[in-house]
Amino acid sequence: MSMDDRDQHDPNEPDVSRRQFLRGLSGSLAASAVLATGVEAVPLSPPSPPEPLEPPLAVGPRIKGQVKVRLNVNGQVKTATVEPRTTLLNTLRDDLGLTGAKRICDRGSCGGCTVIADGETIYSCMMLAVDAQGKKITTVEGLGTPEAMSPLQAAFVDHDALMCGFCTPGFVMSCTSLLKHNPDPTETEVKEACAGNICRCGTYPRIFEAVLAAAKRMRGE
Amino acid sequence: MAGWKSPSENTVLGKPTPRLDGPAKVTGRAKYAYDVQPAGLLQGKILRCPHGSAQIISIDTSAAERMPGVGAVIITAKPGDIMRFAGQELGGVAAKSFDIAQDAVRAIKVSYKVLPHVVHEEAAMKPDAPNVRGADPNTSTPNTRSTGDTDAAFQSAAAVIEGTYSCAVRTHNSLETHGTTCKWEDDTHLTCWASTQGVFSVRDDFAREYKLPPANIHVITEVMGGGFGSKFGAGYEGILCANLAKKANAPVKLMLNREEEQIAVGNAPSATVEVRMAADGDGNITAVDAKLHGTGGISGAGVPFPYIYKVGSTKISQISVFMNSGGQRAWRAPGHPQASFLMESAVEDLAIKLGMDPLELRMKNDPSKLRISQWREGARIVGWDRRNAKPGNGKLAGNGRYKRGLGCGAATWGGGGGGGSQCKVIISNDGSVDVEIGVQDIGTGTRTYCAMIVAEELGLAVSAIKTNLGKTSLGYGVGSGGSVTTGSTAPAVKRAAEAAKEALVSAVAAKMGVDTDQIELIDGKVIVKGESGKQVPFKKACSALGPGGVTGDGKWDASLQQNGVAGVQFAEVQVDTLTGLVKVIKVVALQDGGVILNPLTFTSQVNGGVIQGIGMALFEDRKMCQLTGRMLNANMEDYKMPGSMEMPEFVSIAFENPTAKGVSGIGEPPVIPTAAAIRNAVLNASGAALYHAPMTPGRVLDALAAGRKG
Ligand code: FES
Ligand code: FES
């Protein structure tokens, strides 16, 4: 059993989940998704009078096997051979060994997998690796090293903006992006930038402190 | 042997110190059990029962076994077995990728005879409810206890309140889910990277399972992504992972997904109390007559009651309710947040009925001297005199749509420590210093204070100490539960550091031709007392040591720890009387932890406790579906946890206990009083008396309406 594939529906879209839709676009069949929910694909019109149903949107020929993806990650071109349905997150973690981004919810609701693609934060669990080709991707590993941390990373450490640390890479990415776009944020703006990230240990107040302190430092104040 | 120095004599301990694993964590380099990738790694996935209750008729794994990329399929259930909750494990697979493993699990055909289930507590208590536990009824035999004469106390009472207070089942939602990465080095040696709060209990479970000497099992947890009480032992997922690895002849990683994490590996039980409580005219609580029940799904549940207050007479009856949902597990002060919410709500209502300041009533009936001083200090910091003299009525509440108010609550916890810990501190002749102990750091700062203790003893900077923790190949360390890690670990580390220092000092003294008691280690230097100018850098002094350096061994010492900690919290909230939305404005938390080693990580833990308490107060509620028997909100959007936008202002205080001689952990107590403090603040702000947590907008609106009706 799994509810992985039930997702929020865009009211303007047909009744196909976002993940199923993504998979359909990339040429794979929604069969696994149908199995996952344990229900048949939902008919788009009321079931009676009984007429042959249109095949659901996401059903198409299944592309089996593997594709080669070329990803621009942290300034380097890396290749991996993955199934078309593989997420960017799983590719980063399982194929490229970049495990800083965490798979926590795998459906776009926790922010643990946040990376920066072409200057904007994205949830890497919500993008397929094949669709990430051609984008400039930065993961938390690309921001700094333990010996040479970015100013924001250093502020996280100094202000104890982490406990177990599992959510931390996601917050670091969201806040790095915030400071790129807005070098002088208010506390409310920091909170808003973190609104897509969940921390279960409860490090929020110290994250806010750390981001404001790093911003100040980076502005040279 | 020496005790802890007083704060003013310390150079390292007691000073806010950033955690040592911070740089690895903020740069994504820290490797969790979820992250390690031995060569040839397969991904594991568990097959689970989708029904609330069912009997297995048959299991066909042939399609799964044939799937390309599948390395092993293992079934642990057999036809005839009864599954008792949606999510119960039947077996699992290991495959080349995460997605293939998921496909393979889906390809296993299980036919079930679906049986009736019950997943709501009230329904499970009915005599005709489907039976959850086989021959045993769904409710446990009442656990009853009584003291004094409650009848007489009620008769002579100045005020009596009567009410039903309750709180919902919550799920831990550790962000790193349960699981392990297992690799067999050969037929009889297992390496396991575990996401656990107890590396040694995981080791022992594997040793028992495979009838191997514990030394053959190497469990590693250098960092871990949250457990909060739910992660001890190898668990079904750990044993299955090792079995899959054995069968596939390849390392396997098996980490649960978010849904599995919420349905199968623990939750905090619900608690409901039907209570009558009395006080005399002086504000002494004279009687508590309480009937309690709660559900931990297929496991029992219970809360301490009447919690922290001294009560003249009590009559308590308590039962567990069993139903078809995953079993409860410990979660940060098991039972205490629930007990606090039930009791502190009732105490608040009693104070109002008596016409007494609720804080005064609390202080009158609180047996803890330390807490009395915390109540005073907290009241001063939060400005308790600003509170509305009547619920919903006062200057703080105002006359507008948004009303503010204040409330409070209290906590007690054991903590302290226990024996068995073994620490080594090694000083090498190149001047490097290593501290080694097997205990895991679950995000609480254990690693950092281990280094701080050694640095303090040797007069070095924290950065000069290398730490080696979280491995069963090192000396024993306790499981991190009950807030006992610090009380168990820190004493052993201190004794080991002292022993290493003694050995170093005697070697150096011999070489310098002075008495050992003339030598001091300060500021990275070895100094000969009284002879000004006679000093050598620590590193250089260490060259006096032989090639093996010196090793200090340390064992636990009860005199360096203490049991029993106290805490209080005050909340200021704002109630939107139009929408019922509660916003927490500020939480003042005062927490004692005996001798405080690192106030920075200490107060981080207090913040974290408060935040989980806010979740309990306002958001968190596991919803079960009676139609399907499944959890409806086993994800992170419908199971709402506190996020950045809900954060109040924090005043988290590491409360100096002037009489403290020993250390104690405080992972648990700060989560206890928050929900109660918020509930009482909502009442003070708006007159809405809430009887159930979470206090969702709908419930707040109902309570406001009930209040208006009187
Ligand atoms: S793992 Fe991608 S948002 Fe949670
Ligand atoms: S630090 Fe543990 S989840 Fe955020």
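What follows is a walk from the overall model to the contact between the chains and then to single residues.

**Before you start**

This is a predicted model, in which local features need a pLDDT of at least 70 and side-chain atom pairs count only at pLDDT 80 or more, while totals for chains, interfaces and linings use all residues. Residues are numbered from 1 along each chain as its sequence is written, chains are lettered from A and ligands numbered from 1 in the order in which they are written, and side-chain values use heavy atoms, with hydrogens and water left out.

Chain B has an average of 96, and 100% of its residues score at least 70. For the complex, the predictor gives an ipTM of 0.97 and a pTM of 0.93.

**Stop 1: where the chains meet**

Select chain A and chain B and show both surfaces. How many residues does each chain bring to the contact? Chain B brings 68 and chain A brings 59, with contact meaning heavy atoms within 4.5 Å. The two chains bury about 5,400 Å² between them, and 54% of that is on carbon and sulfur atoms. Buried area here is the accessible area (1.4 Å probe) that two parts lose on being put together, summed over both.

Now highlight Val26(B), Arg106(B) and Leu175(B): these supply 13% of the area that chain B buries against chain A, more than any other three residues.

Next, look for the polar links across this interface. There are 32 residue pairs in polar contact, both at pLDDT 80 or more. A polar contact is a pair of N or O atoms within 3.5 Å; within protein, one must be able to donate a hydrogen and the other to accept it, and residues adjacent in sequence count only if both atoms are side-chain atoms.

Turn to the side of chain B that touches chain A. Its largest share, 9 residues, comes from α15(B); helices (H or I, at least four residues) and strands (E, at least two) are DSSP runs, numbered from the N terminus. By class, this side has 28 nonpolar, 25 polar and 15 charged residues. Ala, Val, Leu, Ile, Met, Phe, Trp, Tyr, Cys and Pro count as nonpolar, Asp, Glu, Lys and Arg as charged, and the others, Gly among them, as polar.

The interface also holds 6 salt bridges, each a side-chain nitrogen of Lys or Arg within 4 Å of a carboxyl oxygen of Asp or Glu. To see one of them, select Glu620(B) and Arg200(A), whose side chains meet at 2.7 Å, N to O.

**Stop 2**

Select Lys494(B) and Glu457(B), which form a salt bridge of 2.8 Å, N to O. The pair links distant parts of the chain, with Lys494(B) in helix α13 (residues 485-512) and Glu457(B) in helix α12 (residues 446-458), 37 residues apart. Are these two buried or exposed? Both are buried, which means under 20% relative accessible area, with exposed being over 50% and partly exposed in between (1.4 Å probe, protein chains only).

**Stop 3: two buried residues**

Go to Asp576(B), in strand β24 (residues 563-576) of chain B. Asp576(B) is buried, at 7% relative accessibility, and its side chain makes a polar contact of 2.8 Å with that of Arg401(B).

Leaving aside neighbours within four places in sequence, Ser174(A) contacts Thr114(A), Thr121(A), Ala193(A) and Asn197(A).

**Stop 4: backbone details**

Most residues other than glycine have a negative phi, and most peptide bonds are trans. Zoom in on Phe305(B) and Pro306(B), where a cis peptide bond has an omega of about 5°. Pro306(B) sits in the loop between β14 (285-295) and β15 (313-321) of chain B.

Finish at Asn173(B), whose phi is positive, near 55°. Asn173(B) is in the loop between β8 (159-167) and β9 (179-186) of chain B, and is buried with a relative accessible area of 1%.

Note on methods. pLDDT = per-residue confidence, 0-100.
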